[in-house]
Structure formats: C-alpha cells, structure tokens
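Let us walk through this structure one part at a time. Keep the sequence beside the picture as you read.

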Amino acid sequence: MRHPPRTFVLLTTAAFAMASCALAIMGTAAGAAASPSCTVTYSVTGQWAGGFQGSVTVTNNSSALNGWSLGFGFPAGQTLSQGWGAKWSQTGSAVTAVNETWNATLGTGASVTTGFIASWSGANTAPGAFTLGGAACTTDSGPGPTPTPTPTPTPTPTPTGPTPTPTPTDPTSGAPELSVTGNRLTDRNGATRRLLGVNRSGAEYMCVQGHGIFDGPVDDASVRAIADWKANTVRIPLNEECWLGLDNIKPEYRGANYADAVKGLVDRVLAHGMTPVVELHWTYGQYTGNSSGCADVHASCQKPMPDARYTPAFWTSVANTFKNDRRVVFDLFNEPYPDRATSTTAQAWTCWRDGGTCPGIGYEVAGMQDLVDAVRATGARNLVLVPGIAYSNDLSQWLTHSPTDPTGNLAAAWHVYNFNTCSSEACWDSTLAPVASRVPLVAGEIGENTCAHAFIDRVMKWFDDRSLSYLGWTWNTWNCASGPALITSYDGTPTAFGTGLRDHLRALN
C-alpha cells in the first residue's frame, strides 16, 4: 500500500547564497535559562524555479538542552514540502522544527544541522524572527541575494524569408541525452546507445567516515584516464546524509561542499564525453537483521532499502540539481535486499515497490515508486535506473512490480559478481532475457573476486550479444585480491582484472 510523505523538508529561504542569522533554539534542561542563547547559520544550498533547499545550523551557547524547538515564520508565502534533522510542521506561515530523538541533546557549545525543501513564488524572503521554545532570539540579518547580471541582448537579424525550425540532434560522440525507446536506450537522433564504463567509488563512504569526499583524485587527469580506456560512462555512488548536510557529517564534507564536489566531478565526466550516473549508495535507517552491514542508524553501510525520512528529499534535491541536463542519469538505490529481511519473496517485492512498513525492517521504507515520484515531481525527465532485489542480482519479478513513470523513461539495473546466485548464462537466459526484451537493461556493477577477468568476459559477451550496457566495479586502487579493483594507479594502470575490461572496451571502439 502506498503511503504519503511523512517528513517536511528543511530547506529555508531562497535567494541567499549563505545567510547567517542568530537563531533561537528551545529546549528544557534542569536549571536551563528561560531564554537560552544560540547562534544560527542559515543558508540556501540550492534554488530552482518554484523551489529551494536550505540548511540551518544551530549552536547552543547556553546550558545543555534535552529537547529543543525552533519557530519562525515564512514572510512571503513559502511552503515546506520535506525536511530532515527535525520534525517539521507548518500552519499558515508559522513553521516549527522539533528535535528528533537522536539529536534531542544539545550541549553547551554543541551544534545541530537540519535541512528542508520548500516552494516559493514571487519572492523568497528570509525569515526575520526566530524563537526557541517561544522565547524570542536575537537575529542578525544575513546578506541579501546576489543579483544575477542581466546579459546585454544581441540584436537578431530580421529574416528575409521563412526560417525552418531546427530539430535538436545529439552529436555522434560525447554524452547523449538518453531516452527509452522500447527496450533500447536512444539519443535524440533515435540511435541506440549503450552505457559502457566503470564505477568511481568513494563519495559514498569517505565523507561519513570523516576522511574527505572522494577516495583518491577526481581531477581532470584522472577522469581523462577513464576516457582513455574508451569508457563512455562513469557511475558515481553517493551518500544521502553527506548530500543533505546532516550534522553527523563533518562540515567540510557535507551539504553544499559535498554537492559542489559531486557537481564538479559530473562536469569533468561530461567534458570528456562520458555519461555520468549519479547513484544513491548508503542511506539512513537502523537495520540489524539478516545480512546487516552495520548496526549504525546513520548512512555508514548498505541498508536493505532506502528510508522514507531522508531518501525522497535526497532525490528531490539531486533531481533539481541535474534536471536541466538530461545527459545525467539517475540510479535510485545501489543494492536493495529486502528479501533478506522479509519471510517471503512476495513481501520483498511489495516492500521494494511500495515501501512503508516492511516486515523485518525497523524503519519506514521509501519504495522505488516513492523515489520515481520524488524525481518526476521536480519536472526532471532524466533516465532513471531501477535496481532489483537480492543486492540487485534478482530481476525475476521486476516487470511485474516495476514502478510507473509518467515519462516512460525507466531502465532496469542489475549487478553481478562471480559469487552471486544469478551468475550463470542459464540464469541470465531465464531471468534477464525477459526483462531485456521489454526495457533497457544496465549492469551497473560487474566484477569478480579472483583478480582475473574470466567471469566478466562471460558477462560482457552475453551483454554484447544483446547490445546491453555494463559498468565495471571499480575505478579505485584497492588490492584486487580483497575485492574487485580495476586499477593500481589513477593514471589508468590496470590490475589483471582491469586489463580484461580495458582491452574489451578498446576493442569495441
């Protein structure tokens, strides 16, 4: 059963690149003053036609709080749509953000960061007054919006005759704007395109572990090295807490800093003629059941399903960031495995599509339909990849349960390693071929743990024979004996495993 969104996003006011305000936090603590002192940094981290995303960081300068409540009013008719890091609500123009259970305690000198997404029209004026527990807080007005320069118009010559309307076309090389035509990926010329390339891991784990944003260089030279393998696609795994700017992430690795770094890598991938696939890898939600990757509630490992609290907000923000460039592809969630938590396959596929309260999973789940809806609600028409269950290795009921998409621009995503259940041509013939006959099929991860390439050679042949897409895991300098790694150096020097993929891509081109 489908469920309505439950959280309101925290993104506040709009045309400010970064507005700092003194804000009021409210809380209760033994011996706490009636009007606790606090400092607030309020920033708009993204803005688009009709909507914006914001971040609020509150620092408690008074006695320790055990519970806090922030109040303010939107002065120009803005309306919250999603939020994270607090329980958000709005009545009329009045907005309230109350702590979650996990961030209720706010010690002296401690900070908490929350965020939201809201709509606006006409003006996006920042709130001018904040309260904490009803007590007024002193505010400092931040800088106003930076005006956008008005370009000087270039005179257009008056045509002497009728001018035909040009038909947009894609270049024969470089990253195309992709659409789904039957079971093929096509460009604007109607030509069939395949996604062939690599994964660039790092942005899903470095930030949450406090080490940085990427694992290794992502400069122009390192991206050029990928292109030199004749790859045409780079899949970029992401972390939702880092993108949304949650306060458990170091400030230098979260929010706008993180998003700007990702956008920079996307731009460099495009500059080298390759398709960027932005993918949600690690998410919020505590799961300690069968095949649990960690007991942490935060996005520090692979969870069985995305969470309803933050993941729709993540995709709303990401889709708004890239919706004006249809060369960017969206991959909804790395490797769902609700089948390990639920007792039946039927329950797993229902959970996968519809989300909600899923057997064996203790947090509210966002289903694949919720995420497609979040993307399309922004107006984004980008190609969307939808993975299966069993760590994306099972597509047996993908066609039966696939989410609906008003744009008709969905493809199936599948992962395979030599140790997976569906790792034989017989399984591919019986479960993949029916899917590939109906919709485009992309193997978002292929690999083997042998430090060789005999297995992926078989995978690539099966996919080549059907003109399907595949991406090798992973463009990182790990020890390939402990996991699939394609390179020993970011200049593109391959491992034995990587040699198989590199030589095959070069042979295709």
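Helix 8 passes helix 9 in a right-handed crossing. A crossing is called right-handed if the near helix is turned clockwise from the far one by less than a right angle, and left-handed if anticlockwise. Helices here are DSSP runs of H or I with at least four residues, strands are E runs of at least two, and both are numbered from the N terminus.

This is a predicted model, in which local features need pLDDT of at least 70 and side-chain atom pairs count only at pLDDT 80 or more, while totals for chains, interfaces and linings use all residues. Residues are numbered from 1 along each chain as its sequence is written, and side-chain values use heavy atoms, with hydrogens and water left out.

Stay with the two helices. Helix 8 covers residues 425-436, and its axis comes within 12 Å of the axis of helix 9, crossing at roughly 35°. Axes are lines fitted to C-alpha atoms, for helices over the stretch in contact, and angles run from 0 to 180 degrees between N-to-C directions. Which residues of helix 8 meet helix 9? They are Glu 425, Trp 428, Asp 429, Leu 432 and Ala 433. On the helix 9 side stand Phe 455, Arg 458, Val 459, Trp 462 and Phe 463. By class, this contact has 7 nonpolar, no polar and 3 charged residues. Contact means heavy atoms within 4.5 Å. Ala, Val, Leu, Ile, Met, Phe, Trp, Tyr, Cys and Pro count as nonpolar; Asp, Glu, Lys and Arg count as charged; the others, Gly among them, are polar.

Now turn to the barrel. Here 8 strands close up in the order 16-17-18-19-20-21-22-23, with parallel pairing. From one strand to the next, the twist averages 30°. Two strands pair if DSSP finds at least two bridges between them. Strand 16 (residues 196-199) pairs with strand 17 (residues 233-239) over 3 bridges, in the parallel sense. There, Val 198 has Val 234 of strand 17 as its bridge partner. Strand 16 is also joined to strand 23 by 3 bridges, and these two run parallel. Gly 197 has Leu 471 in strand 23 as its bridge partner.

Helices lie against these strands. Helix 3 (residues 255-271) lies across strand 17 and strand 18 (275-282), at about 175° to strand 17. Helix 9 (residues 454-465) packs on the sheet as well, touching strand 21 (410-417), strand 22 (441-447) and strand 23 (469-472). Its direction makes about 170° with that of strand 22.

Where is empty space left inside? Rolling a probe the size of a water molecule over the atoms shows where it is left. The structure holds 1 cavity of 30 Å³ or more. The largest cavity has a volume of about 40 Å³. On a 1 Å grid over the protein atoms alone, a cavity is a set of points where a 1.4 Å probe fits but cannot get out, and lining residues have an atom within 4 Å of a point. Grid points are joined across faces, edges and corners, and a volume is the space filled by probe spheres set on the points. Among the lining residues are Arg 200, Val 234 and Trp 475. Helix 1 (220-228) and helix 3 each supply at least two, and helix 1 gives the most, with 3 residues. By class, the lining has 8 nonpolar, 1 polar and 1 charged.

Finish with the backbone. Most residues other than glycine have a negative phi, and most peptide bonds are trans. Lys 230 has a positive phi near 70°, and its place is in the loop between helix 1 and strand 17. The peptide bond from Trp 473 to Thr 474 is cis.

Key:
1 Å grid on protein atoms, 1.4 Å probe; cavity = no way out; pocket = protein on both sides within 12 Å on 5 of 7 lines; lining within 4 Å.
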